[in-house]
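Let's take a walk through a protein model together.

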Amino acid sequence: GGVMLGAWLSGRRETKQRRLAFVERQLRDFYSPLLGIRSEIRMRSELRVRVNNAADTEWRRLCEENRQIGVEALQKLTEERGKEFTEIIEYDNQQLKEELIPAYRKMVNLFRDNMWLAEPETKEYFGALLEFVELWERWLARTLPPEVIQALEHVEESLSPFYDHLQNKHAKLREKLERGHF
């Protein structure tokens, strides 16, 4: 009886260790990298919005100051300083093409390559992520007119349920791992 009880307890401990190892792998190879990429994209996007808002406010202020001086002053401002402000938009467009879309593509690749680590409810978001990235890539390749993008309602907010799910699932898995039991 004692041998059977020992074997049963040992088997149970091994099963628990395998489950915890799987949760650790889910976090390390799937949920954490996705969440990290998402955080980077969010931080860059928030900074872009702050910079654009500040630039818009300052450009409007400069225009108003120069408009009060006269039309020539406003033209001079546009000629001398306009490029500085339009370069902000150019930088954002370049960053989108060279950094943000590749980061989204990395999310798609990570998701696809590690699908086996995703919880069943997480797998449901793969299509939305892939569609979002594919539409951006088509837009950048100039194979979709703006009207089509608008008709498809291509906005990052469409990924908000996925991002919320990712954050919640990551937190729950970390909690399981920290507690050491299910």
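Which residues of H4 are buried? Keep in mind that this is a predicted model. The buried ones are Phe126, Leu129, Phe132, Val133 and Leu135. They pack against helix H2 (71-113), helix H3 (120-123), helix H5 (146-151) and helix H6 (160-179). There's a background rule that helps here: an α-helix has 3.6 residues a turn, so residues three or four places apart point the same way.

Just after H4, Arg142 takes a positive phi of about 60°.

Now zoom in on Leu135, which sits in helix H4. It counts as buried because its relative accessibility is 11%, and the cut-off for buried is under 20%. Leaving out residues up to four places away in sequence, Leu135 touches Leu144, Ile149, Leu152 and His154. As for Val148, it is 13 residues from Leu135 in sequence, with 9.9 Å between their C-alpha atoms.

Leu129 takes us to the largest nonpolar core, which has 28 residues. Leu34, Tyr104, Met107, Leu129 and Phe162 are the ones that touch the most other members. Helix H1 (2-69), H2, H4 and H6 each supply at least two residues of this core, and H2 gives the largest share, nine residues. If we again skip residues up to four places away in sequence, Leu129 touches Met107, Val108, Phe111, Leu159 and Phe162. Apart from this core lies another one, of seven residues, among them Leu62, Cys63, Leu74 and Phe85. In general, nonpolar side chains in soluble globular proteins tend to be buried together.

Next, the aromatic rings: the structure holds nine aromatic pairs. In one of them, Phe22 and Trp116 have ring centres 5.9 Å apart and planes at 50°, so this pair is tilted. It links distant parts of the chain, with Phe22 in helix H1 and Trp116 in the loop between H2 and H3, 94 residues apart. The rings of Trp59 and Phe85 also form a tilted pair, because their planes are at 50°, with centres 5.0 Å apart. Trp59 is in helix H1 and Phe85 in helix H2, so this pair ties together parts 26 residues apart in sequence. Trp59 is partly exposed at 22% relative accessibility, whereas Phe85 is buried at 19%.

Finally, ring pairs link Phe30, Tyr31, Phe111, Tyr125, Phe126, Phe162 and Tyr163 into a cluster. Over the ring of Tyr163 sits the charged end of Arg38, 3.7 Å from the ring's centre.

Key
Residues numbered from 1 in each chain as written. Predicted model: local features only at pLDDT ≥ 70, side-chain atom pairs only at ≥ 80, totals over all residues. Heavy atoms only, no water. Buried < 20%, exposed > 50% of the residue type's maximum accessible area, 1.4 Å probe, protein only. Helix = DSSP H or I, 4+ residues; strand = E, 2+ residues; numbered from the N terminus. Contact = heavy atoms within 4.5 Å. Core = buried A, V, L, I, M, F, W, Y, C linked by side-chain atoms within 4.5 Å. Phe/Tyr/Trp six-rings, centres within 6.5 Å; stacked < 30°, edge-to-face > 60°. Lys NZ or Arg CZ within 6 Å of the ring centre and 35° of its normal.
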